[in-house]
Amino acid sequence: MTAYLKLDHIDKIFTRGAATTEVLKEINLTIEKGEYVSIIGHSGCGKSTLLNIIAGLTNATTGGVLLENREVNSPGPDRAVVFQNHSLLPWLTVYENVRLGVDKVFAKTKSRAERDAWVMHNLNLVQMAHARDKRPSEISGGMKQRVGIARALAMEPKVLLLDEPFGALDALTRAHLQDSVMALHQKLGNTILMITHDVDEAVLLSDRIVMMTNGPSARIGEVLEVPLARPRKRLDLATNATYLKCRQRVLEFLYERHRFVEAA
Amino acid sequence: MNMSAAKIETVTPAATIAPVVAMTPKRPPRTDAYARMARETAVRVIPPLVVIALLTLVWELICRRAGSALPPPSKVFRDTKELILDPFFDHGGIDKGLFWHLSASLQRVAFGYSLSAIAGIALGVLVGQSVWAMRGLDPLFQVLRTIPPLAWLPLSLAAFRDGQPSAIFVIFITSIWPIIINTAVGIRNIPQDYRNVAAVVQLNPLEFFAKIMIPAAAPYIFTGLRIGIGLSWLAIIAAEMLIGGVGIGFFIWDAWNSSHISEIILALFYVGIVGFVLDRLIAGLGKFVTRGTAQN
């Protein structure tokens, strides 16, 4: 199987003055088209750095990222990011926030009317069309994150990068949004890479879970396949043996073998 | 309504003990709103009016004695009645109504302040965006901004050899520093998230400037603009005293030279009011422009 997204021997060393910290070491990962992969690890293990490297917002010290066999090292709409804190521009309406990306990406390929329709199509996908003229400060946290997802989807990315997308939400909203993302993945078949620190979320959503060891010099400790059929139903899985086994594996990795050591 | 109806049905015996309270009929909302508005206005307007009346009374009592150096308010009003009632007369030269003096000063401010707003925002963006520009320029700004407005006047007179451009230059150089510094702080404080969004969307530098930088830094920019307009109004009065010609600053100086103390007091009153209005104008503009940029 050919790799769609390939992380090739990525090392990342931060240098501050004379001090150097190796954050990531020898990260190798291949992701297939349409796959949903989660990266899980304790905070500070460099998973957000890894996402930033893939997004092109930071450069790897050595190694690189290949998307469809071409190296990518600067940010671009082909790797759209859904940020943890939604990062909607507060002076633009919901519609304008999505339109900003659409206008850039489809400047030449879509007419004005087509771009407008495309924005509304994506807002409809996340059920936010009703709030098109609202500003981010007027909608709830979950709604903001939906708009963030719509903005990313509207750029038609080859890979959708989710940076702890549900981290800032309350449990009920989070579950609701997870279901939405699952449905979107089912419907659109995107390739998705998600950073998370929530074990249930990782098992529920992913095809594969990449578990990272603790930093500094974090590596990929283990990759777990989640052989659960889609569409998955949250309630059915609660008692599903495979689900529980996967969950157990991740928990063991995080809390037994690579317990989080508080840097004192 | 539905709730109370359901309640009556289900709790029949208790209903007699605790009857459903009938809703008080709604008062006509319009007069209600007017009354509330009137009350709110009164709360804001009456205290300052009372204070002003008291201060005027004290002033009158202190200055009405014979041989007092300053005129009491009653005399100020008597002396300046013509100036107050007819601000539009024009007898040629500098013998004009207060309207013309104020408008001449305001024109200078408008010109000098517009230049400083444009240059100040541009320089502020440069200093905020580029670390090297900041390292190079910031020490210079920090020293230059402490120079008092009038200290620039002789130099600008020497350079321009004319009063009008010199006055405008003094306004420019006085009001530009807070605009530069606040704009730079605003640009430096643009959240990394917005920069990341711009990078992912691949905005070019010009689009980044117009769509991210200016809106994100607008609250800071307007703080600078507001301080700037206050400083320009301070500077113009002082500068006009020295350069002469038509303008409220020279009007004050001229009144002092002819011992018309009442006219000075009237002019100060106008200067204060105009300064206040200018400040509110920029604040209002800022509020209008930045209405959507509140952090959420």
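## Report on a predicted two-chain model

Ser232(B) lies in helix α10 of chain B, where helices (H or I, at least four residues) and strands (E, at least two) are DSSP runs numbered from the N terminus. The structure is a predicted model, in which local features need pLDDT of at least 70, side-chain atom pairs count only at pLDDT 80 or more, and totals for chains, interfaces and linings use all residues. Residues are numbered from 1 along each chain as its sequence is written, chains are lettered from A and ligands numbered from 1 in the order in which they are written, and side-chain values use heavy atoms, with hydrogens and water left out.

### Residues in the helices of chain B

With a relative accessible area of 0%, Ser232(B) is buried; buried means under 20% relative accessible area, exposed over 50%, and partly exposed in between (1.4 Å probe, protein chains only). Neighbours within four places in sequence aside, Ser232(B) is in contact with Val109(B), Tyr113(B), Ile171(B) and Ser175(B), contact being defined as heavy atoms within 4.5 Å.

Val50(B) belongs to helix α3 (residues 29-63) of chain B. Its relative accessible area is 43%, and Val50(B) is therefore partly exposed. Val50(B) and Phe208(B) are 158 residues apart along the chain, and their C-alpha atoms are separated by 52 Å.

### Salt bridges

Over all chains, the structure holds 18 salt bridges, each being a side-chain nitrogen of Lys or Arg within 4 Å of a carboxyl oxygen of Asp or Glu. Three of these pairs are listed below.

| Salt bridge | Distance between the closest N and O atoms |
|---|---|
| Asp78(A) with Arg79(A) | 3.3 Å |
| Asp90(B) with Lys96(B) | 3.5 Å |
| Arg226(B) with Asp279(B) | 3.1 Å |

In the pair from chain A, Asp78(A) is partly exposed at 22% relative accessibility, whereas Arg79(A) is buried at 2%. In chain B, Asp90(B) is partly exposed, with a relative accessible area of 43%, while Lys96(B) is buried, with 18%.

Arg226(B) lies in helix α10 (residues 205-243) of chain B and Asp279(B) in helix α12 (residues 261-289), so this pair ties together parts that are 53 residues apart in sequence. Arg226(B) counts as partly exposed, at 33% relative accessibility. In chain A, Arg99(A), Asp103(A) and Arg115(A) are joined into one network by salt bridges that share partners.

### Chain A as a whole

Eight helices and ten strands make up the secondary structure of chain A. Its radius of gyration is 19 Å, close to the 18 Å given by the globule rule for 264 residues, so chain A is as compact as a globular protein of that length. The radius is taken over C-alpha atoms, and the rule is 2.2 Å times the number of residues to the power 0.38. The C-alpha trace of chain A spans about 55 × 50 × 40 Å along its principal axes.

Of the 264 residues in chain A, 52% are buried. Among contacts in chain A with a separation of 6 or more, 70% are between residues 24 or more positions apart. The accessible surface of the chain is about 12,100 Å², and carbon and sulfur atoms account for 50% of it; such areas come from the Shrake-Rupley method with a 1.4 Å probe, and for residues only the protein chains shown count as cover.

Chain A carries 34 positive and 30 negative side chains, and the centres of the two sets are 3 Å apart. In this count, Lys and Arg are positive and Asp and Glu negative, with His and the chain ends not counted. The place of a charge is taken as NZ of Lys, CZ of Arg, CG of Asp or CD of Glu.
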